[in-house]
Amino acid sequence: MDLAPVVETLKATLSPQLRQQAEEKLSQICKSNGFIPCLVQIILNGQCDMGARQAGAIYLKNHINTYWSDYNELKGTTNSDVMTLVNAANVSKPAGDSSQKLFVVSDPDKDYLRNVIIDVVIRTKDPLRCQLITTAGTMIKTDFPSKWPQFINQIHTCLSTDNIDACESALLIFYTLVQHYEYKKTEDRGPIDEVMLVVLPLLHQRFMQLFTHNDSDQSALIQKQILKIFHAYTQLHLSFRVLPTQTMSTWLETCCAMVERRLPERINALDEDDRPEQPWWKCKKWAFHILIRTFERHGAPANLPKGQPPERIEFANFYLKAFSGKVITLVFGILEAYRQKIYVSPRIVQLSLNYLRESVRHAFSWKIMQNNVVILIQDIIYPLLCINDDDIELFNDEPVEFVRARLDILDEYVSPVSAAELFLSEAVAKRKDVLMKTVSFLGTIIHNDTILPKQKDGVLHMLGVIGNVLIKKKAFTNQLENMIVQYLFPELQSPTAFLRARACYALRNFSKLEYTISDNSVRCLTYLINCLCNDTSLPVKVEAAMALNLFMSDSDTGEKGKAIIIPHLQLIVMRIIEIIRQTEIDDVMIVLQKIVGLFDQELQPIAVQMTRQLVDFFKHVVCSENAPTDESKAEERTVAAMGVLNTLDTIVSCMGEKPE
């Protein structure tokens with residue numbers, strides 16, 4: 001096939017004026033024999049325009065994704081999911097022609113691409129390479145192992161060579177194979193287990209060679225990829241035929257060595273904002289992922305389901321009693337460096353605390369770490385839970401972004417602050433002496449006459465985290481009401497906005513507290529309503545709304561509570577709708593749904609006004625969704641739109657049949 005017209009057509013797809021015509025031409029020639037070799041030659045041709053090469057790589061990826069699988073072979077299947085896929089691929093078939101076969105890439109082109117795809121990936125760099133790796137992944141899912149038996153030999157050859165570029169590219173492709181089997185059931189993982197019997201020893205050998213002799217960034221990228229492969233292979237299933245206890249122990253020792261490794265000095269010379277993205281810190285991250293996942297999934301007898309085979313129980317006992325202590329020591333070493341103001345990436349701090357959180361749950365590992373817990377809470381957890389200067393700046397200058405960051409559900413998986421909250425919550429719930437020591441520490445801080453607003457924020461933050469445990473402990477029952485009145489109520493009127501927000505947050509976990517003095521219950525609701533309706537700070541309003549949501553329920557609020565809320569009800573609803581329009585956050589919409597469900601009679605006078613404002617907001621969100629924007633913003637707006645629809649449904653359900 002002549003390359004020149006294909007190159008010109010690919011270039012034309014980059015022009016808005018010529019794109020449609022070019023895509024129609026490609027859809028005609030793409031079904032010709034030799035089209036795939038033609039695309040490959042264009043992609044590899046350094047003399048070609050880069051735009052055409054990139055368009056060729058993207059077109060190849062989409063072409064393989066659409067036409068590689070032979071749906072004609074699946075027509076006799078009874079699997080409904082497969083039949084849906086076949087029918088979707090068959091939409092263009094002429095009516096009445098039940099015998100027409102769907103187009104599939106020809107066998108010669110398939111054989112050609114299987115033979116060259118790994119070499120093509122090796123010879124290219126991003127952005128071409130990432131498209132080609134996706135292409136290889138599609139081929140692997142369809143063809144491996146029966147139609148592509150030479151794949152493992154091709155990978156093994158690349159991993160055995162001294163060519164570091166070939167090794168890196170081979171690992172990226174091999175990772176797509178491991179991902180394909182990552183979530184499959186044990187009985188369906190036979191092919192990957194057979195592969196790993198051969199490949200894992202080679203991977204470990206390459207890792208140790210690079211770990212010992214090469215501190216370049218490319219070396220770190222390869223080591224990171226090997227750790228990602230091992231994590232994907234072992235995170236859900238552990239095959240003791242492939243990884244007996246001794247072999248698994250060797251890999252875990254390797255992970256510990258990576259966690260402990262001193263990084264090249266050039267990393268510390270970089271700006272702190274740039275360091276977390278360096279491949280050496282990513283290596284430590286993936287080593288930690290392996291250690292944490294091994295502990296929680298395979299390494300603790302208490303975590304294993306009943307009826308496990310003896311080798312799983314043996315490994316769990318081995319890990320907990322012979323290995324967990326070593327990792328705990330490493331973790332405390334990392335956190336001690338962090339305490340001494342030596343740079344540790346935020347992700348490593350977060351993962352360190354996650355490992356300790358798992359350790360709290362088991363008596364054996366708890367005994368190893370318990371003597372260090374007080375220092376950990378005082379010098380690591382507490383400082384993390386104090387608001388920092390960056391957060392204060394965001395709070396004041398970009399309140400909407402501050403609120404979104406605080407309510408981001410994904411934050412739990414990456415933030416050291418979230419990890420500190422989860423560790424503290426777990427420790428005070430599982431180990432009773434930790435609760436007492438934490439409360440004692442907070443008392444020492446709060447009674448300090450020179451306490452700063454940021455330090456006070458940390459105290460309120462910690463009170464909020466442990467509140468749901470404090471409220472269940474009889475030893476603290478008689479003190480809680482006085483503590484809330486003395487320390488939280490004043491901060492609800494603080495001149496410092498972030499302290500008002502934090503006080504609202506802290507009150508959430510005390511919503512079930514039964515006040516002995518009824519006036520204190522009235523004051524609590526009054527303060528929260530005031531923060532929601534009259535405060536000038538958006539984060540304070542949001543936290544007040546979230547707190548009110550927990551204080552309001554038909555069983556717990558009682559008539560006295562409702563009597564406090566009802567005079568302000570219309571203003572509360574209007575303020576919440578304002579917050580929804582400003583932030584587009586679903587969490588606040590849930591508060592509005594709760595209010596509508598509880599106070600449907602009282603809200604009848606403004607039901608039409610509420611509905612009109614929500615419909616207008618829905619139109620705004622839908623129009624914004626259709627505007628060009630990044631994918632994450634589009635997803636947020638989709639959630640916001642669904643939240644509005646749910647709220648409108650609640651209003652209609654509660655009030656739709658009322659003639660008023």
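These legends go with a set of close-up views of a predicted model.

**View 1. The whole chain, before zooming in.**
Start with the overall picture: the protein chain has 32 helices and 0 strands. Its C-alpha atoms fill a box of roughly 85 × 65 × 55 Å along the principal axes. Of the 660 residues in the chain, 51% are buried.

**View 2. Phe174 and the largest nonpolar core.**
This core holds 219 residues, and the two that touch the most other members are Phe151 and Phe174. Helix H15, residues 310–339, gives the most to this core, with 12 residues. Zoom in on Phe174 and, leaving out residues up to four places away in sequence, you'll find it touching Phe151, Ile152, Ile155, Val195, Met196, Val199, Leu203 and Ile229.

**View 3. Helix H12 alongside helix H15.**
Here H15 meets helix H12, which covers residues 245–260; the two axes come within 11 Å and cross at roughly 5°. Angles under 35 degrees count as roughly parallel, so H12 is roughly parallel to H15. On the H12 side, the contact is made by Thr245, Met248, Ser249, Leu252, Glu253, Cys256, Val259 and Glu260. H15 answers with Glu314, Phe315, Phe318, Tyr319, Phe323, Lys326, Val327, Leu330 and Ile334. Sorted by class, that contact comes to 11 nonpolar, 2 polar and 4 charged residues.

**View 4. Helix H16 against helix H18.**
H16 spans residues 346–360 and H18 spans residues 373–385; they pack at an angle of about 130°, with their axes 13 Å apart. That angle makes H16 oblique to H18. The crossing of H16 past H18 is left-handed. Val349, Leu353 and Leu356 make the contact from H16, while Leu376, Ile380, Ile381 and Leu384 make it from H18. The class count here is 7 nonpolar residues, with no polar and no charged ones.

**View 5. Helix H21 crossing helix H23.**
For this pair, H21 is residues 416–430 and H23 is residues 453–470; the axes come within 9 Å and cross at roughly 40°. H21 passes H23 in a right-handed crossing. Look for Val417, Glu421, Leu424, Ser425, Val428 and Ala429 on H21, facing His461, Met462, Val465, Ile466 and Val469 on H23. The contact divides into 8 nonpolar, 2 polar and 1 charged.

**View 6. Arg500, a buried arginine in helix H25.**
Arg500 sits in helix H25, which runs over residues 497–508. Its relative accessibility is 12%, and since buried means under 20%, Arg500 counts as buried. Setting aside neighbours within four places in sequence, Arg500 is in contact with Glu491, Leu492, Gln493, Ser494, Pro495, Asp535, Ser537 and Val540.

**View 7. Asn520, a buried asparagine in helix H26.**
Helix H26 covers residues 518–534, and Asn520 is found in this helix. At 7% relative accessibility, Asn520 counts as buried too. Not counting residues up to four places away in sequence, it touches Glu481, Val485, Phe489 and Tyr515. For a sense of scale, Asn520 and Ser324 are 196 residues apart in sequence, and their C-alpha atoms are 48 Å apart in space.

**View 8. Pro145 in the loop between helices H7 and H8.**
Pro145 lies in the loop that links H7 (128–143) to H8 (151–160). With 37% relative accessibility, Pro145 counts as partly exposed. Beyond residues up to four places away in sequence, it touches Tyr181 and Pro191. Pro145 and Tyr527 are 382 residues apart along the chain, and 66 Å separates their C-alpha atoms.

**View 9. Glu398, between helices H19 and H20.**
Glu398 is placed in the loop between H19 (389–397) and H20 (399–406). Its relative accessible area is 44%, which makes Glu398 partly exposed. From Glu398 to Ile173 the distance is 42 Å, C-alpha to C-alpha, with the two residues 225 apart in sequence.

Technical notes. Residues numbered from 1 in each chain as written. Predicted model: local features only at pLDDT ≥ 70, side-chain atom pairs only at ≥ 80, totals over all residues. Heavy atoms only, no water. Axes fitted to C-alpha atoms, helices over the stretch in contact; angles between N-to-C directions. Helix = DSSP H or I, 4+ residues; strand = E, 2+ residues; numbered from the N terminus. Parallel < 35°, antiparallel > 145°, perpendicular 65-115°, else oblique. Left-handed = near helix turned anticlockwise from the far one by under 90°. Contact = heavy atoms within 4.5 Å. Nonpolar A, V, L, I, M, F, W, Y, C, P; charged D, E, K, R; others polar. Buried < 20%, exposed > 50% of the residue type's maximum accessible area, 1.4 Å probe, protein only. Core = buried A, V, L, I, M, F, W, Y, C linked by side-chain atoms within 4.5 Å.
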